[in-house]
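Let's walk through this one together, with a few questions and answers. Have a look at the fold before reading on.

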Amino acid sequence: MKTIKWKLYLSSPREKVFDFLNTPEGRAAFWAESAEEENGFVVFKFVNGMSYRGKVLSTIEPSKFEVDYFYSRTSFRLEKSDDGGTNLSLVCTGVKESDYEEMHAGWISVLMALKAAADFNIDLRNHDPKRCWDQGYVDN
């Protein structure tokens, strides 16, 4: 098993970034077409028709959101930066060797979409099932 680590700076305050991670509306703005929470699980539904039900493992508002995501433990830690923005650290553990390359690249797509949504109110995704990750497009 492998671990993925990424860091991202957002100019948005961490309370706003946390809401993108911890609410269905926030997750649907950058991560999945919908991501409703039901009984402690997030039901991610993607543009290609795929879905995944991931258990919310931990939340500490506004500094930590942790979820089971495609059979790996994914932790987002949010620290307030000196300028009022947010330093985000993502750690994804338990990644199968065979999934590592795709997941490593996939997190860049997700994190850049989060930055665009939180900092600029822009959705970078095209929402087209014919032009998604499965066909080699970088849209998440």
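**Helices, sheet and core**

Q: Which strands does α3 lie across, and at about what angle does α3 run to β1?
A: In this predicted model, α3 lies across β1, β5, β6 and β7. Taking β1 as the reference, the angle of α3 is about 20 degrees.

Q: Which strands does α1 lie across, and at about what angle does α1 run to β6?
A: The strands under α1 are β1, β2, β4, β5, β6 and β7. Relative to β6, α1 runs at about 160 degrees.

Q: Which are the edge strands of the open sheet?
A: The open sheet has seven strands with antiparallel pairing, ordered β1-β7-β6-β5-β4-β3-β2. An edge strand pairs on one side only, and that holds for β1 and β2 (34-38).

Q: Which residue in β4 stands opposite Val 42?
A: β3 and β4 run antiparallel and are joined by five bridges. Across from Val 42 stands Gly 54.

Q: Which element gives the largest share of the largest nonpolar core?
A: This core has 34 residues, and those with the most contacts inside it include Phe 30, Phe 76 and Trp 107. Elements giving two or more residues to it include α1 (14-22), β6 (72-80) and α3 (100-120). Nine residues, the largest share, come from α3.

Q: Which residues is Trp 107 in contact with, leaving aside its neighbours within four places in sequence?
A: Trp 107 is among the residues with the most contacts inside the core. Beyond those sequence neighbours, its contacts are Ile 4, Trp 6, Trp 31, Tyr 69, Thr 74, Phe 76, Leu 90 and Cys 92.

Methods: Residues are numbered from 1 along each chain as its sequence is written. This is a predicted model: local features need pLDDT of at least 70, side-chain atom pairs count only at pLDDT 80 or more; totals for chains, interfaces and linings use all residues. Side-chain values use heavy atoms; hydrogens and water are left out. A nonpolar core is a set of buried Ala, Val, Leu, Ile, Met, Phe, Trp, Tyr and Cys residues joined through side-chain atoms within 4.5 Å. Buried means under 20% relative accessible area, exposed over 50%, partly exposed in between (1.4 Å probe, protein chains only). Helices (H or I, at least four residues) and strands (E, at least two) are DSSP runs, numbered from the N terminus. Contact means heavy atoms within 4.5 Å. Two strands pair if DSSP finds at least two bridges between them. Axes are lines fitted to C-alpha atoms, for helices over the stretch in contact, and angles run from 0 to 180 degrees between N-to-C directions.
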